[in-house]
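User: I have a structure open and some questions about its residues. Can we go through them one at a time?

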Amino acid sequence: MQKRMLMVVCLTCLFIWGRAAALEPDRDIRQFHHTTWTNTEGLPAAVWAMAQTPDGYLWLGTGMGLYRFDGLRFEEVRPSGGGELLGVDITALASTPSGDIVIGYQKGGVSFLHNGKLSSYSPRDGAPGDLVLAFAQDQDAVLWVAAFDGLRRFDGKNWLKIGPAQGLPAASVWDVAVGRDGTLWAETIDAVYAMQHGSGRFERIGEHPQSRRSFARAADGRLWASDAEHSPTILPEFTSPDGRTTNRLSTSARSLFDRDGTLWGVDRQAGLRRIRFREKPGASGEPPQPGEMDTFTLKDGLSSDIATSVFEDREGNIWVGSNLGLDRFRHANVVVESAISQTSQHGYRAATADHGTLYIAGAGSLYRIRPDGPPEAVVPLRTPPDVIFAASNGDVWIGDINGLQRWANNAMLEVALPHGSEGRQVWAATEDESGVLWISVADKGIFRFDGHAWSPVQVRPDLSNRPPFIMQRDRQGGIWLYYLNGALLRIAGEKVQSFAAGDGPNIGVIEVIYPDSAGGVLFGGEFGLARFDGHRFHTLRSSVIPSLTLASGIVETPQGETWINTQMGIVRTATKDLALALEEAGPALNYELLNFRDGLPGVAEQDSFSNTAVRGPDHRLWFITSHGIAWVDPTHVYKNTLPPAVLIRSLTANGREYPAPTRLSLPEGVANLQIDYTALSLSTPERVHFRYRLEGVDANWIDANGRRQAFYTKLAPGQYTFNVVAANGSGVWNNEGATLAFVIPPTFTQTKWFLLLCIAAGMGVAWLLYSMRLQQVAARIRVGLEERLAERERIARELHDTLLQGFQGLMLHFQSVADSMPPGQPAHELMERALERADDVLVEGRDRVSDLRAIDCHGDLALAFAAAVKKLTPDPLVKFLVAVEGASRSLHPLVRAEVFKIGSEAIFNAFRHARAESIEVGFVYQRKQFIMRVRDDGIGIDPDILERGGRQGHFGLTGMRERAEKIRAELTLASRTGAGTEIELVVPSKVAYAITRDRRSLLALHRFFALLD
């Protein structure tokens, strides 16, 4: 523990700083905004050393390892590229301009962290073997390490221990630094040693008995030595500065100069100290003289009195590490006035005299603030005041529960109240245009005092004994009165004007009445703000602008701004913008809100019925809060002009975290992911504002406000780019931001090939179902054809077994009768002729029966049609051609019959109607269909006949279509007048071809489907 208390890290923060402002040297250390982190705020251990990398992270060497801090979250850093830390107790840190981290340990050893990969040097390699205290780097890029067991030199490859051979005693080295002339300085327990550049040997420069001094670099580059017991002293230079010594490392130390020339130091017993110089170090050729010193310890709110290191970041914040935590001091726009006793027990009242002096009454005293002077307590107060009023003659009137007092000529005088009002509480005070004092007294009403005597003021009979809680004169000389029952009046001479609820400000309980610079009157109250323009009220309610809730203080500045003290904080806005918002009663008010993050103690004091915001003699604005008095200098409102560095911390997908990504290829099937990002603004990280967008998903930027995570669900495979930008607490944007490109590969089921396979499979299933349906329909047709065929055979049997046989029997009887008649008789001849006719009928009947029973399904269609042509036309001049394409197959008997009849009808029409000289009949046997085509070169068919479906009174074409429908065939007729005719018949194969034995099982299956239907 003793070694930890002795640790020190040299050199001030050596970044190229942005245009952030320093902490103002004229302020007391308690007037800065102070924040503490301990183990209750997530900090795991003591902070021994600090550094800042170019990306903006604050790195912490602690007693439990290496951490980095973005202002909100502490994150333990473990090497990701290999290697382990030499220990968990880290006592020295430094960062290089390239972002590398140099690490020193309590038990010795040095590590270098580069892009997540750790390289370590133990004492066996020549590195320090005991407590590492500080780092420095000279103009030759040589690293110098101060440690409890002496000084080490590291050139990037070899370690060298510096000792008596180089003029340095074998003792502990507390600090090491490089001057602007290249001189290397080392501090031991009892002396300071210097080695000029190029000499290779140290010289003893000065002694200091048992004090632990540390080095600090001033703005001009010169080194100073300081400790807790002595005034800081400047170190000599041996040669002219060569300009090669630059700020190479960022590290913490026990003392440092901030960028405005104030010296900060820490002590292991006395906490934090701060020395303000009479002039800025380095501003002139002569060394400046140290001036006033103030301290900050555990009782002031420091995490511990055992402070070990101090560091300034690139935004000008001062960080202090201690054995119990981490402290930050930053610029505060709202300054708590330390010269005035701060209390939340009693209210304050404030008033500004015409000559510029500000008076504040509260905390048992009357304070006077003159131009360019600090607050001074001029006289004690007997009780907490209810009202303070600065008269035009310079007198200050103070009313309280016991009556009225007057501060005049540096003396406090008791003022007798009107008869019957002795000892009564005075609630409000003002004066009219003639300088006559007006006051309101509890249970007595309003009185005027002309300097000699009191006189009552009557306003309305119902308010005669009621005291108004607010009395305020406007710029036209009228006096406004506000009563707790809500009555609002204006007295101008003998005229008393009352404002009812519908005609009033409509902001609930009124807390403050303020005459503005434009001649109107502003009213602040429970539900917002209102303005009277001389004719009517314009109201801007807190339901529209929540920051205007419970407004109790209003003050204007010569710079054209209006400041409003509210329950939410201090609202700062341009006076013209406020006037426009009041006129339109709309939400478009451009304003800035200052609250506890800006140093404001508590919130605006309520129910005081006095203005809680006043302007002092030096243009500072003073605000009365629930926890004390604070002020703001409106001409020096701090604005952080350094854009925040934006970083993407990690991407998490499917439970796996990818740290610090810039380009990723994620696993297949990722649909939901989380992206963590941050922005490095250490001053007010709570006010950092983010916007992000995922290209291809977000059409516009998403306003995340202060949220540092983005979530996406149901992402499709593809390439994505995530962009995030941020603004610091002052609204300065880093529009370049950070970018993460990532790819989500598709799974097999998300690829185009899978889609094509699904389409192909779907088409295959659809085709299978379609084919099965066709087979089912074909089976139904075949069943119908078989039934028709069976019916024909049944009819043939019936004709043969009944009608023909009966007819034959009758003919035999008639033949017997004819044989019994003598030949030559007329009756015999008639009977013979009848029998001959009967024979012809019987032959014809047998032929019909033969046709029904003996349908040829295997006969050659070409020969059949050739024979038909001979019967249909005996003209030998007509050319007839039959063509067959494909392997000939047997047609179903009924299909063959219908095909033959359709073809015969087509040939007959070609001979009879078209007067064709050439006829072609073609048969095409295909796997899926049977096609018959009949072409002729006749005169064609009239288009009107085709459109009507045939000639009037003729049914040839109609019959052909009906026969085609019977066998589920498609019949097409194409003809033009004088160009011949072509008839095409297409029959599906399932119907056309005769069934074979190996397909009977399939037919049975189709019949089964038919039964299901």
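User: Is Met763 buried or exposed?

Analyst: Met763 counts as exposed because its relative accessibility is 57%; exposed means over 50% relative accessible area, buried under 20%, and partly exposed in between (1.4 Å probe, protein chains only). This is a predicted model, where local features need pLDDT of at least 70, side-chain atom pairs count only at pLDDT 80 or more, and totals for chains, interfaces and linings use all residues. Residues are numbered from 1 along each chain as its sequence is written, and side-chain values use heavy atoms, with hydrogens and water left out.

User: Where is Met763?

Analyst: In helix α3, residues 752-820. Helices are DSSP runs of H or I with at least four residues, strands are runs of E with at least two, and both are numbered from the N terminus.

User: Which helix holds Glu898, and what does its side chain contact?

Analyst: Glu898 is in helix α6, residues 893-912. Its side chain makes a polar contact of 2.9 Å with the side chain of Arg963. A polar contact is a pair of N or O atoms within 3.5 Å; within protein, one must be able to donate a hydrogen and the other to accept it, and residues adjacent in sequence count only if both atoms are side-chain atoms. Glu898 is buried, with a relative accessible area of 4%.

User: Why is α6 called largely enclosed?

Analyst: Because 15 of its 20 residues are buried.

User: Switching topic. How many salt bridges are there?

Analyst: A search of the whole structure finds 32. A salt bridge is a side-chain nitrogen of Lys or Arg within 4 Å of a carboxyl oxygen of Asp or Glu.

User: Which residue pairs with Asp294?

Analyst: Arg276, with the closest N and O atoms 3.1 Å apart. Asp294 lies in strand β24 (residues 290-296) and Arg276 in strand β23 (residues 271-277), 18 residues apart. Both Asp294 and Arg276 are buried. They also belong to a network of salt bridges that links Arg274, Arg276, Glu292 and Asp294.

User: What about Asp516?

Analyst: Asp516 forms a salt bridge with Arg531, the closest N and O atoms being 2.7 Å apart. Asp516 is in the loop between β45 (510-515) and β46 (521-525), and Arg531 is in strand β47 (residues 528-532), so the bridge ties together parts 15 residues apart in sequence. Asp516 is buried at 3% relative accessibility, and Arg531 is buried at 16%.

User: And the whole chain: how many helices and strands?

Analyst: The chain has 10 helices and 69 strands. Of its 1013 residues, 51% are buried.
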